[in-house]
Structure formats: structure tokens, C-alpha cells
Amino acid sequence: MQSLCTITSNVEISPGVRLMWVEAPDIAVAAQPGQFITVRCEDFMLRRPLSIHQVSPLSSPSTGGEASPERSEGTGEGEIAILFQVVGKGTLWLSQRQIGDKIDVLGSLGKGFSIPSGIARRKVPRQSKNLLLVAGGIGIAPLIFLAQFASSQHSITLIHGARTAAQIYPLLPLRALRSPCHSEPFTVIASEAKQSHLAQDKLREESHPSEQAPRSNLSPLPQEIRFIPITEDGSTGRKGMVTDILPDFLDWADQIYACGPVDMYKAMLELTCHSERSEESKLKKCQVSLEVRLGCGIGACYGCTINTKGGLKKVCQDGPVFELDDILWEEVRV
Ligand SMILES: Cc1cc2nc3c(=O)[nH]c(=O)nc-3n(C[C@H](O)[C@H](O)[C@H](O)COP(=O)(O)OP(=O)(O)OC[C@H]3O[C@@H](n4cnc5c(N)ncnc54)[C@H](O)[C@@H]3O)c2cc1C
Ligand code: FES
């Protein structure tokens with residue numbers, strides 16, 4: 001569905017990364033975690049794909065089966081959020097839009113994450129209980145929606161890796177992140193972000209570095225979700241890459257969901273499939289969201305085709321979520 005959506009909030013939450021809320025009741029009702037929208041940016045021919053980052057209001061997932069939320073009928077107030085990094089002309093244009101401006105949005109698109117109710121492991125079906133979410137950089141965008149969506153019925157650990165503390169997703173109160181009016185200055189957000197990182201640093205000093213970071217009751221992440229920051233420079237959380245701590249969680253996780261750069265996926269493939277870990281670990285399914293460059297975004301141009309064990313697939317239509325070990329990674333170009 002294509003619609004002109006009014007921007008209700010647009011704030012920079014970390015350097016070069018913006019959180020934007022728009023009124024999109026039809027998308028809010030239908031959206032599934034891992035799906036995306038495309039936005040027409042200025043007069044560029046190609047629309048820019050962006051993951052659905054949050055939905056408001058969020059309804060609870062239905063029990064069992066695939067992740068198919070039965071959302072309440074739209075009240076006309078449904079909003080969706082996108083979280084985007086300013087990397088080029090399109091996202092720069094988007095970052096400069098003001099509250100009240102309208103943007104041309106198409107969505108929700110693609111196939112998102114699924115949460116199987118039973119995982120066939122040694123032919124014994126079992127509940128998918130412990131979900132491990134792995135985010136590399138801006139790859140946190142679709143995983144927050146998944147975490148919010150699944151938290152009532154699953155135990156969730158979210159690992160977020162970034163180069164430095166400022167790029168870690170700020171566990172700010174929703175009020176600050178949504179900032180519905182112009183009058184709330186960014187300095188408020190920046191000071192809260194600083195407090196958030198200071199709190200994370202304090203935690204790092206006082207407890208085991210891999211333990212979860214604290215957050216406000218109004219944080220976009222529910223309290224029960226374990227959030228583990230990890231930075232390449234060690235400025236907050238543990239020092240290293242997400243794949244350094246992934247092995248600690250492989251036995252715990254029933255399902256793994258990831259979004260990040262292709263190199264992160266290749267390292268994860270080594271850890272989950274090709275390592276000398278137990279057969280049980282290797283059977284752990286890992287769903288990844290693939291952010292290749294798109295053309296039309298709706299399955300018409302074949303510009304996003306990738307090769308998988310099941311043959312050629314279109315990222316925009318068959319994905320962007322795929323099983324990690326289904327993709328023929330040596331042939332993937334981003
Ligand atoms: C399904 C999907 C979901 C996405 N979700 C998000 C999201 O939630 N948040 C977010 O910040 N980004 C997301 N992206 C990437 C985003 O679409 C691009 O960053 C954006 O289109 C760049 O547009 P631009 O005009 O600003 O940059 P351009 O001028 O087009 O390009 C600037 C730079 O960004 C790189 N780039 C462009 N497109 C992509 C891409 N698809 N993947 C990787 N690098 C790219 C280019 O190689 C170039 O170096 C997603 C991509 C896909 C396919
Ligand atoms: S981008 Fe055109 S088919 Fe996927």
C-alpha cells in the first residue's frame with residue numbers, strides 16, 4: 001500500500017542516526033517484524049528501503065505458529081517508526097524533513113522473521129522459548145520491533161555491537177525518543193543518552209561486563225529483555241565484536257535472529273554451522289535480514305536476486321529475511 005504519511009517526530013538519537021515516527025495506520029496494523037517500507041526521497045527514481053523499527057500501538061503476538069500478529073483494527077492513530085543512518089543523498093533528504101511534512105511510503109513489504117512454535121530437533125518438537133537477537137550497528141533497526149513483539153512470550157537476549165558507545169542503541173525513555181513536538185530540544189535527548197551510557201559504563205565497572213545494561217521503565221525495550229552492548233573500542237559494554245560473545249549464548253538460544261553487515265553473517269555461519277561445536281548447536285536455526293541494494297523493491301525488476309540452496313530468490317519479495325545457511329554467501333554482492 002502506498003500512502004502519504006505525516007511525520008510526527010524526527011530526532012537524531014546518536015551521531016548520524018535518526019528515529020522518525022510517521023502516521024501510517026494501515027502499515028501499523030499489518031506490519032510484521034523484519035518487514036520493510038520504501039520511501040520516496042526527493043525526486044530520486046529509486047525508493048529507499050528501511051526496516052520497520054517500531055509500531056504503535058503494538059498488539060501482542062498470537063500464540064504459536066508463525067509470527068503473525070493479529071493486530072487490532074486501526075484506530076486511525078497507528079504510527080510506525082524507522083531508524084536510519086544518514087549515508088547518502090536519500091537518507092540526508094529524509095533526515096531534513098520536519099514534523100508535519102508528508103513522505104511517500106510504500107509497505108509493508110517483504111517476508112519478515114518467523115517464530116516457529118515447534119522446532120524439530122532430534123525429531124522432538126519443542127517450544128521456541130529463548131530467542132537470541134544479534135544486531136550489528138544500524139542492524140538494530142528491525143530487531144527492536146521483533147523484541148517488542150515477542151517479549152511477552154519468549155525469553156530474549158539482544159546483543160548490540162557497534163564501533164563505539166555513541167553508536168549503541170540508547171535505552172532512552174519512549175517520551176524522549178518520540179519527542180512529539182519541536183519544543184523538546186535535542187539537548188534533553190543528548191543528556192539522557194549520556195546518562196544512559198554513563199549508567200552502562202557504571203554497570204560495566206560494577207558487574208560482569210557481559211551483563212545487561214539498565215534502562216528506564218519507559219525504554220523502548222521491555223525490562224525483561226536482556227540487552228548486551230559490545231563495542232570495538234570497549235567504550236561501553238564488553239570490548240570486541242558480537243561474534244566474540246555469540247558462542248556464550250549458542251547453547252541457550254533456541255532461535256537466532258540477526259541483522260547486520262554481510263561480514264558479520266559470514267562469521268556467524270562459521271560459528272553456528274561450520275564450527276566444531278556439538279551437532280545440537282549446529283542445528284540451531286538462524287534467520288538473517290539481508291540489506292542488499294534494491295531496485296523496485298516489489299519483485300518486478302529482479303535487481304535484488306541472490307542465489308540460495310533453494311535456487312534464485314528475490315531479496316525484496318522472498319526476503320529480506322532468510323535462513324543463514326540457505327544463502328550462498330560467496331555470491332552475495334552488497
Ligand atoms: C530490506 C532493507 C532494509 C533496510 N533497513 C534499513 C534501516 O532500517 N536503517 C538504515 O539505516 N538502512 C536500512 N537499509 C539500507 C538503506 O536502504 C540504505 O542505507 C539507503 O537506501 C541509502 O540511501 P541513500 O540515498 O542515503 O544512499 P546512496 O546515495 O544510495 O548510497 C550511499 C552509500 O550507502 C550504501 N548503500 C546504499 N544502499 C544500501 C543498502 N541497501 N545496503 C547497504 N548499503 C547501502 C551505498 O553503497 C553507498 O556507499 C535497508 C536496506 C534494505 C534492503
Ligand atoms: S528490487 Fe526489484 S525485484 Fe527486488
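Let me start with helix 3, which lies across strand 4, strand 5 and strand 6 and runs at about 50 degrees to strand 5. Helices (H or I, at least four residues) and strands (E, at least two) are DSSP runs, numbered from the N terminus. Axes are lines fitted to C-alpha atoms, for helices over the stretch in contact, and angles run from 0 to 180 degrees between N-to-C directions. Two residues are in contact if their C-beta atoms, placed from the backbone, lie within 7 Å.

A word on the source. This is a predicted model, in which local features need pLDDT of at least 70, side-chain atom pairs count only at pLDDT 80 or more, and totals for chains, interfaces and linings use all residues. Residues are numbered from 1 along each chain as its sequence is written, while chains are lettered from A and ligands numbered from 1 in the order in which they are written.

Back to helix 3, residues 140-150. The helix also lies across strand 10, strand 11, strand 14 and strand 15, at about 160 degrees to strand 10. Is helix 3 covered or open? Helix 3 is mostly covered, with eleven of its eleven residues buried. Buried means that 20 or more other C-beta atoms lie within 10 Å of the residue's own; exposed means 12 or fewer, and partly exposed is in between, with C-beta atoms placed from the backbone. Among the buried residues of helix 3 are Ile140, Leu143, Phe145 and Phe149.

Now the sheets. The protein has nine helices and 18 strands. Seven of the strands form an open sheet with antiparallel pairing, in the order 4-3-7-1-2-6-5. Strand 4 and strand 5 stand at the edges with a single partner strand each, so one side of each has no neighbour in the sheet. From one strand to the next, the twist averages 35 degrees. Two strands pair if DSSP finds at least two bridges between them. Strand 1 (residues 2-14) and strand 2 (residues 17-23) run antiparallel and are joined by six bridges; Ser14 stands opposite Val17 there. Strand 3 (residues 36-40) is joined to strand 4 by four bridges, again antiparallel, and Thr38 stands opposite Pro49.

In a regular strand the side chains alternate between the two faces of the sheet. In strand 4, Arg48 and Leu50 point one way, Pro49 and Ser51 point the other way, and all are buried.

The loop between strand 3 and strand 4 holds Glu42 and Met45. Glu42 has a positive phi, near 50 degrees, in a residue other than glycine. Glu42 counts as exposed because 10 other C-beta atoms lie within 10 Å. Met45 is exposed as well, with 6. Met45 and Cys296 are 251 residues apart in sequence, yet 9.3 Å apart in space, C-alpha to C-alpha.

A second open sheet has seven strands in the order 13-12-11-10-14-15-18, and its pairing is mixed. At its edges are strand 13 (238-239) and strand 18 (321-323), each with a single partner strand, so one side of each is left without a neighbour. Strand 12 (residues 226-231) runs parallel to strand 13, and two bridges join them. One bridge pairs Ile230 with Arg238.

Next, the ligand. Which residues are closest to ligand 1? Of the 21 residues that surround ligand 1, the closest are Ser51, Gly88, Gly90, Thr91 and Ala141. A residue is near a molecule or strand if its C-beta atom, placed from the backbone, lies within 6 Å of it. Strand 4 gives the most to this shell, with four residues.

Two peptide bonds are cis: Gly107 to Ser108, with omega near 0 degrees, and Gly319 to Pro320, with omega about 15 degrees. Ser108 is in strand 7, and Pro320 is in the loop between helix 9 and strand 18.

Last, confidence. pLDDT is the predictor's confidence in each residue, from 0 to 100. The protein averages 81, and 73% of the residues score at least 70. Over residues 62-76 pLDDT stays under 50, and over residues 118-125 it is below 50 too. Where pLDDT is low, the predicted coordinates should not be read in detail.
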